[in-house]
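Here's a quick look around a protein chain for anyone meeting it for the first time. Take a moment with the structure, then read on.

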Amino acid sequence: MKNLLLLPMLFVLALNAVGQENAGYPVSPVPFTRVKVTDGFWGQRLRASRETTIPLAFSKCEETGRYKNFEMAAHPGPQNKVTGYSFDDTDVYKTIEGASYLLQTFPDEKLKRYIDSLLVIVAAAQEPDGYLYTARTMNPGHPHEWAGSKRWEKVEELSHEFYNLGHMVEGAVAHYQATGQRNFLDIAIRYADCVCREIGGAPGQVIAVPGHQIAEMALAKLYTLTGERRYLDMARFFIDKRGYTSRRDAYSQAHKPLLEQDEAVGHAVRAAYMYAGVADVAALTGEQPYINAIGKIWDNVVSKKLYITGGIGATGSGEAFGKNYELPNMSAYCETCAAIGNVYWNHRLFLLHGDSKYYDVLERTLYNGLLSGVSLDGDGFFYPNPLESIGQHARAAWFGCACCPSNICRFIPSMPGYVYAVKENSVYVNLFLSNEAELFVAGKKVRLQQTTRYPWAGEVKIEISPRATATFGVNIRVPGWARNEVVPSDLYYYADDLLPGYRVSVNGKAVATTLEKGYAVIHRKWRKGDVIEVHFDMEPRLVRAHPAVEADRGRVAVERGPLVYCAEWPDNDFSVRGVLLSPRARFDVQFAPELLQGVATLSTTDVQSLRFDDGGKLRPEDKTLTLIPYYAWAHRGAGEMSVWLPVDVTATRPTMPPTIASTGKVATSRGGSARSAINDRLVPLGPEDRTAPHFHWWPKKNSTEWITCEFAAPGRVSASTVYWFDDGPWGGCRVPVAWKVYYKDAAGEWVPVDNLSPYTVVKGKACKVTFEPVTTTAVKLEVQLPEEHSTGLYEWEIN
């Protein structure tokens, strides 16, 4: 490696919206360092990231032993106990990346020194040839169980050695750009060189591709920074060899070579990172077949696999894309990392094609499926982002697998880099938020000042101030929702009779614009102080899904502008899952400055609440329904939430009268997950149904576990039914070895019931046992877990 980088520091790759140049892309993003956010909505998010999220992530990395892993790797030996995940190193790299972005916009000498102190620890863990993977190095004789017995042995499975490299490079480039220091960059270059020496098709090299993609993006970025061709060649090797190595499964997008793929499959985060990396390599090499391949896959996602929130990844089984049109709501996975990956991918497609349809998807994801992943204060995170809940979901301050919190750390500070772009003598205005920006159009400096209350209002004012009078085009994105298009496909459509429009004026005079690839184009001679004003009609809209989306049949979603709305329990004194909305419902809009840090709420009286009375009769009741933006849910305690609302009586879930089990107090042998699912009266539709909530004892195995249900008053019971949760073959839960029911006698002792029928254990069916009737105050379910798996259940009924 040459002592001096071949390109100046500011000639850093603009992928992730952090650089100056286009790295082969026809369109160049304006880096976030040239966009000063003055916006209330996004200003609060950036402030929370700076003051809370990134400091929290650093503290959690220390608290959970991630720093200690590097310290142990610097002093390897059998005394070091390997714990955690094989990719824990990346949480440190990602947090440094996010902090580096902050340093560029909010210089902080104390933060800079702190990062330098961490990099001393990281550097000490690096082996002499550049290899840096603490999960092996700290204890070479007994490395992490996912690492394999030697380097790269399990890199296509679970070792994550290339994944660690990818995040290391991403963080190192950001740090170099922020500080001009090479202390992190040199570490990353040494590891990248190690990979380039040992991986490839030459004699003595190992032919392998990343199990978890991101190295493709990172190596393309490193090539653009350094000019060293081997990094681009390695990124391309990883792409071209996928589908030809020993691993050939859909989970890792290796079931076919890339150029033969036309459907998004497998792990959603890995897929999105790969597609973004393919776009990077295509832009740098001019490989049109790459562009064609990811274009076909994008069409598949947008037309069949995209949630209304912009989330991707339907199932928790493999954190993966589902089948075409498989978009369940309560069990929707929609990982926060996948939403971030979806933004990366769509941004790159825009840079390739200059088409607003990619930004329509990006904006939908950004404001909904991504923002929901972090709390308003920046101190809580969702891993999955479901579209329906009965109270089993809550944000957490950290996770054992902490990829989502650390990914939020690196994404939010870079968000201003997605606002503008430039191509030749045209400026693209892609996102709407108050800001001041400085950019170059055809080599001439231009200042922009944008003022708006978006996403709460559709008025946008843009002041244009070139250094000298100049002729160029301003391309203002007209969002799909303002053109009566939910997404760029028939997956969703507006179900009301509204016809929104938009208006554009310059210096107070209406102007006629041409619409090119979704952009209102104004090409003219601009003088300092010229003002563009744009008005987008922003009304609440009803959305229906394609009829093939089974989970949304007979339902509508409500959105306004870029925001998807939901009904949540604190705003409604009835079950939001038991409503029946008029298909012609009209909503009132009211801005509530004190609610959830300021939101526009929607309310309607065109709705009924449905419930069954004790006699089994359906009782409708007129109600007022209030909706909040989806991103803001789960900030006021656990309870019901729903995005898709019934407009057809067959889609409703009327409130049921209470039962002895549903009103009972449930306790379990360990915390487990979603305890409320045990007696929520939601049962699976079949053995492969994952839409109903479930409780499980994972990671417990080969043990005896229990659940108790304490009744509000003594009751007579004579039967018990269990619906077992089994997520094989990929998940960790199976039906139990055996189970048994006990009741509490008058002395307070647990006594086995006298069963009249056998205890059955069948996946996907109601497993019912009848027994001699007993009067009791509590019942216990005892479960014997399999030797190699855990167990869970959807529902425990007591009759």
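## Arg-151 and its partner

Arg-151 is partly exposed, with a relative accessibility of 21%. Its salt-bridge partner is Glu-198, and the closest N and O atoms of the two sit 2.9 Å apart. Glu-198 is partly exposed as well, at 23% relative accessible area. Keep in mind that this is a predicted model.

This pair ties together distant parts of the chain: Glu-198 belongs to helix 7, while Arg-151 is in the loop between helix 5 (134-137) and helix 6 (161-179), and 47 residues separate them.

How many salt bridges does a search of the whole structure find? The count comes to 41. One of them joins Arg-34 to Glu-438, with 3.1 Å between the closest N and O atoms. That's another link between distant parts of the chain, with the partners 404 residues apart: Arg-34 is in the loop between strand 1 (28-29) and strand 2 (35-37), and Glu-438 is in strand 6 (residues 435-441). Arg-34 is partly exposed at 24%, whereas Glu-438 counts as buried at 17%.

Lys-60 and Glu-63 make a local pair, both sitting in helix 1 (residues 40-63), three residues apart, or about one turn of the helix. Their closest N and O atoms are 3.4 Å apart. Here Lys-60 is buried, at 15% relative accessibility, but Glu-63 is exposed, at 58%.

## A charged residue without a bridge

Now for Asp-355, which sits in the loop between helix 12 (336-353) and helix 13 (356-370). Is this residue buried or exposed? Asp-355 is buried, yet has no salt bridge. The nearest side chain of opposite charge belongs to Lys-357, 4.7 Å away.

Leaving aside residues up to four places away in sequence, Asp-355 touches Phe-350, Lys-517 and Tyr-519.

## Where helix 7 meets helix 8

The axes of helix 7 (residues 185-198) and helix 8 (residues 215-226) come within 12 Å and cross at roughly 115 degrees. The crossing is left-handed.

Which residues do the meeting? From helix 7 there are Leu-185, Ile-189 and Ala-192, and from helix 8 come Leu-219, Leu-222, Leu-225 and Thr-226. Sorted by type, the residues of this contact are six nonpolar, one polar and no charged.

Terms used. Residues are numbered from 1 along each chain as its sequence is written. This is a predicted model: local features need pLDDT of at least 70, side-chain atom pairs count only at pLDDT 80 or more; totals for chains, interfaces and linings use all residues. Side-chain values use heavy atoms; hydrogens and water are left out. Helices (H or I, at least four residues) and strands (E, at least two) are DSSP runs, numbered from the N terminus. Buried means under 20% relative accessible area, exposed over 50%, partly exposed in between (1.4 Å probe, protein chains only). Lys and Arg count as positive and Asp and Glu as negative; His and the chain ends are not counted. A salt bridge is a side-chain nitrogen of Lys or Arg within 4 Å of a carboxyl oxygen of Asp or Glu. Contact means heavy atoms within 4.5 Å. Axes are lines fitted to C-alpha atoms, for helices over the stretch in contact, and angles run from 0 to 180 degrees between N-to-C directions. A crossing is left-handed if the near helix is turned anticlockwise from the far one by less than a right angle, and right-handed if clockwise. Ala, Val, Leu, Ile, Met, Phe, Trp, Tyr, Cys and Pro count as nonpolar, Asp, Glu, Lys and Arg as charged, and the others, Gly among them, as polar.
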